[in-house]
Amino acid sequence: MVFTITSCTEDFNQINTDPNNATNAPASNVFGDGIITVANNQFGERLDIYYAGSYAEHTAAIGLGDYEFRVGINNGIWNSQYRAMTYFVDAQRLAEESGNTNLQAAALMMKAWTGQKTTDMWGKIPYTEAISLEEGVANPNYDTQETVYTALLSELQSAAEMFGSGSGDIGPGDFIFNGDVEKWEKFTNSTRLRVAIRMSNVDPNTASSVLSEILNNPSEYPVMTSNGDNAYLWYPGVPPDRELWMERLGTADNKGDQYRTNHTLVNMLKSLNDPRLPLFVDENEYGEYNGYEFGPGQRQDTMNNGNNVSHIGDPIGYDPDGYSPFMNVAEVHFIKAEAYERGLVTGDARAAYEAGITASLQEHGVSDGDIATYLSETGVAWDSGSRSNLEKIYVQKWISLIKQSVEAWSEVRRTDVPLMDTPASPYHNNHNRPPFRLPYPADEKDFNENFPSDVNEVDIFYGTQVWFDTRTGVQ
């Protein structure tokens, strides 16, 4: 996607394309290029709607209903992640040289944000030695995910501290907050919470320490508190700068795309009488809400045909001036709720849980009356229904992560909630969960002499589980 940047200098279009040298471009422009690069990758059609969307069981491709693998596309997803991180590293260096500590902090924060997404998709990745060609590192070593997470927490804390005493304008490349440093600081600390809760099953002591430091010191480490703090990239809505899902799916008055809603999401929304159902999901040709169901015989199941499977709702997939969501406040509330419920930090889990639901519903335009009704619904209300309160937190967080498919997929790998024990055909024959990871790119296997030999890849997407995936009995 081409993103027109009308407020930048004329030098923007002349950014040096050498991935280890962007010195001819203004730092903010390089920063902006990094944001657009990672947004196009994380929230574009292939990864967000098709691949991770299917793994998180928010979306599906009718007719195919598969876990597609293409060597070139897989290489491209990997390369785009590292291209974005390269832009952020270069922007950080240029900002540091000019004494712009706020831009330096934002670039460091976005490098860490991108790094987490990368390691969560693959597990072991080059990180501490990555983007070091100028230092003579042509074949960077692969770090364990634990090592990457340690580096992420350090980088995010450094960025947060720089924001606390920083100076300088982030500039025209800030497509997320338009230069609002306070919101960048909140986004940084909120991302630290995300990293900490993700690692909480494998390193609870570190997770608890980070969560406590942030949540017990709100003045020093502010986090997102309202939907106005959401880290969203909003699109102008005019070609070529339209929201990425809509750019693929087309206009709302002529829906015919293969990408539709998933049975797991639709049934969950229906079972909870969720007011987001008509916002996330269209009625099918017969006036019903029905998602594509993975499993045996999925391609022969008439309920999975084009007339029966619901399209994605207009606000989610067909809004030209919509958004790409890097993080929202609902997630922050659910992280708090989980931390409190599990005793990682002291706090009111129910209040945080209900705040997360309220924030998500408000974001999607649900009325206060309907929010109150939903909060009292059996299966949603605290201490109600068959699910534990912790499971209810996981379910509501998963729902709220619509359009953040990599994040939703990471959460279900961590929590196993909601249960997804019938993967797409033909993988259901040998496996009982959606993919564990993305396959490593062929380029890395072929050309990086430090590619790890201890990673076991089975049936492309399976084998070795990522570090934070502690589920047992899964295959």
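**Aromatic contacts, term by term**

Reply: Leaving aside residues up to four places away in sequence, Phe 461 touches Tyr 55, Tyr 67, Glu 68, Phe 69, Tyr 427, Pro 435, Phe 436, Arg 437 and Pro 439. Contact means heavy atoms within 4.5 Å. This is a predicted model: local features need pLDDT of at least 70, side-chain atom pairs need 80 or more, and totals for chains, interfaces and linings use all residues. Residues are numbered from 1 along each chain as its sequence is written, and side-chain values use heavy atoms, without hydrogens and water.

Me: Why is Phe 461 called buried?

Reply: Its relative accessibility is 1%. Buried means under 20% relative accessible area, exposed over 50%, partly exposed in between (1.4 Å probe, protein chains only). So Phe 461 counts as buried.

Me: What makes Trp 234 and Tyr 323 a tilted pair?

Reply: The centres are 5.1 Å apart, with 55° between the planes. Rings of Phe, Tyr and Trp (its six-membered ring) pair if their centres lie within 6.5 Å; planes under 30 degrees apart are stacked, over 60 edge-to-face, the rest tilted. Hence the label tilted for this pair.

Me: How do you know that Tyr 323 is buried?

Reply: Tyr 323 has a relative accessible area of 8%. That value makes it buried.

Me: What makes Lys 403 lie over the face of Tyr 323?

Reply: The distance to the ring centre is 4.3 Å. The rule asks for NZ of Lys or CZ of Arg within 6 Å of the ring centre and within 35 degrees of the ring normal. Lys 403 therefore counts as lying over the ring of Tyr 323.
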